[in-house]
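Subject: Structure handover

Hello,

Here is the structure I said I would pass on. My notes on it follow below.

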Amino acid sequence: MTSPAFITTPIYYVNDRPHIGHAYTSTICDVWARASRLVGRDVFFLTGTDEHGSKVEKSATARGILPQALADENAAEFQRVLATFGLTNDDFIRTTQSRHIDQVQEFLRRLMATGDVYLGTFEGWYDEGQEEYHTENKARELNYQSAISGKALIRATEQNYYFRLSAFADRLAKHFADHPTFVRPTERANEMLGRMREGLQDVPITRTNFSWGIAMPDAPGHVVYVWIDALLNYITALGLGMPQAGGLGSPQAKRAKYWPADYHVVGKEILWFHAVIWPALLMALKLPLPKCVYAHSFWIADGKKMSKTLGNFVDLPTIERYTATYGLDAWRWYMSTQGPLGTTDADFNGKHFHETYTNDLVNTVGNCPSRVGAMIGKYFGGKLPADAQAGGEWPSRCDAATAKWEQCMEVFDLSGAARCAMDLLRQVDVMINDTEPFKLAKDPANTPRLSSILNQCAQTVRIAGVMLEPFLPQRMEELAKAFGGMPGKDINWSARKKYGAISDGHAIEKVALFPRVDATAISQAV
Ligand code: MSP
């Protein structure tokens with residue numbers, strides 16, 4: 001499995017501070033990127049910032065600074081946060097970079113040439129906050145108010161350039177039918193299909209009422225609609241709109257292999273742009289479509305929609321309190337195993353976080369290796385005893401677990417993948433409880449049996465640890481060191497997942513991976 005893999009987060013608006021929404025999407029993409037690298041794929045993980053549009057212009061004006069200064073400040077903050085979270089993105093694209101701007105203009109020239117973009121007059125219901133037009137039906141359904149801010153929609157008229165979305169209805173429907181996993185979860189694909197059946201209207205893709213955007217080529221006064229500008233980041237980052245002058249081996253040619261994306265991971269509220277407008281744009285540009293657009297749901301907090309006014313917003317300082325109290329790995333674990341990957345929103349609450357940490361990480365991922373390491377220390381001087389039974393059932397159990405883990409990762413079932421490792425560790429715990437090595441150790445006649453049991457435990461723990469690396473990179477590095485040494489960089493997946501890789505007599509250290517945390521610690525943290 002050496003195929004290139006490409007995963008993207010949405011690019012984040014710079015008029016917001018980083019919060020759980022950003023941290024969530026970025027973290028789950030990071031887990032997938034790490035897992036794909038682990039199995040040997042050549043991964044490109046992209047994130048970045050969406051810096052144009054009237055909202056940014058307005059926020060900057062309100063602060064008396066230039067939009068670019070606001071964008072610079074917040075893009076730097078997003079980058080700082082990515083670094084402190086240890087995210088392994090391969091690039092960070094900013095839509096104000098010339099590499100992006102030049103290619104967006106190039107793509108628009110191509111769309112003008114194909115006739116998929118034309119000049120026309122538009123009138124519609126406009127949500128100023130979201131920078132989004134609604135159809136009459138939708139506007140009525142919303143009671144002519146923004147679903148997000150509650151502010152009245154305004155009736156707006158503009159001479160604009162349009163993207164001929166209406167011409168793509170049949171091709172889009174066919175694509176959805178031919179690729180049942182193009183949009184996931186399935187319920188979300190059905191929502192998109194339902195909306196498409198109501199009819200597709202052409203989309204205005206330029207604006208004339210503000211200037212903070214990419215200039216539409218050959219159309220003075222027109223700037224490119226921020227969503228069109230933003231969606232194109234997925235291919236400008238790969239250089240698909242660059243003249244191929246660099247030839248083979250140039251950076252753009254090197255990155256072209258990553259297209260089409262394996263996953264565009266997005267929140268449900270921006271799915272329409274990714275599942276309908278984006279594929280139509282790609283069809284118009286004669287480029288392949290992404291393999292999957294995965295729409296997750298939302299984190300809510302303490303049973304309520306998060307809001308700054310309610311004070312239950314999981315903002316960066318809150319996240320940092322959690323990472324300081326429980327560790328970064330614990331945060332990643334909660335995000336990727338308890339998050340809203342399906343169609344229901346997930347509730348973020350401190351008690352649930354604490355319970356998840358204690359049950360999964362302290363009592364299982366931490367405790368099982370610690371017991372095994374302690375017993376090997378006590379009964380065999382810290383050296384792995386031999387297993388005369390050659391693993392018994394464990395090699396096939398481990399193979400089944402890693403195979404299932406691979407399948408789960410492929411389909412972005414992160415909690416399913418995590419479970420594969422957890423189940424193995426729980427089975428190790430069961431074996432320890434059933435066979436009671438501490439009793440066996442009392443009689444030297446049992447030494448061969450005791451050796452086999454502890455060897456099997458250690459071999460299995462190592463493999464579970466490998467499967468947990470994408471989720472818990474810091475602690476699993478310690479586990480790998482303690483159980484068989486850290487593998488060299490070139491060791492491949494088939495070797496890493498192979499049962500029995502720790503040789504007899506190898507040092508096994510006792511590890512304390514996840515300390516117990518006092519249940520009240522988080523409320524006391526400042
Ligand atoms: N700039 C656009 C995306 C353009 S992509 C071509 C945008 N930016 S955003 O900053 O608002 O998006 C943030 C991401 O965070 C979205 O995927 C959104 O769904 C996600 N979240 C924002 N709040 C969230 C929660 N409360 N829970 C989970 N994710 C949510 O949209």
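Arg 188 and Glu 191 are joined through their side chains by a salt bridge, 2.9 Å from N to O. A salt bridge here is a side-chain nitrogen of Lys or Arg within 4 Å of a carboxyl oxygen of Asp or Glu.

Before the rest, some ground rules. This is a predicted model, in which local features need pLDDT of at least 70 and side-chain atom pairs count only at pLDDT 80 or more, while totals for chains, interfaces and linings use all residues. Residues are numbered from 1 along each chain as its sequence is written, and side-chain values use heavy atoms, with hydrogens and water left out.

Arg 188 and Glu 191 are three residues apart in helix H7, so about one helical turn separates them. Helices (H or I, at least four residues) and strands (E, at least two) are DSSP runs, numbered from the N terminus. Arg 188 is buried, with a relative accessible area of 8%, whereas Glu 191 is partly exposed at 40%. Buried means under 20% relative accessible area, exposed over 50%, and partly exposed in between (1.4 Å probe, protein chains only).

Which parts of the chain does the pair Arg 41 and Asp 262 link? The closest N and O atoms of this salt bridge are 2.9 Å apart. Arg 41 is in the loop between helix H1 (20–38) and strand S3 (42–50), and Asp 262 is in the loop between helix H10 (251–256) and strand S12 (263–267), so the pair links distant parts of the chain, 221 residues apart. Arg 41 counts as buried because its relative accessibility is 14%, and Asp 262 counts as buried because its value is 8%. By the rule given above, the count comes to 30 salt bridges.

Now to helix H6 (residues 169–178), where the buried residues are Leu 172, His 175 and Phe 176. Seen down the axis of H6, they fall within an arc of 100°, so they line one face of the helix. The arc is that of the directions from the helix axis to the C-beta atoms. Asp 170, Lys 174 and Ala 177, on the other side of H6, are exposed.

Regards
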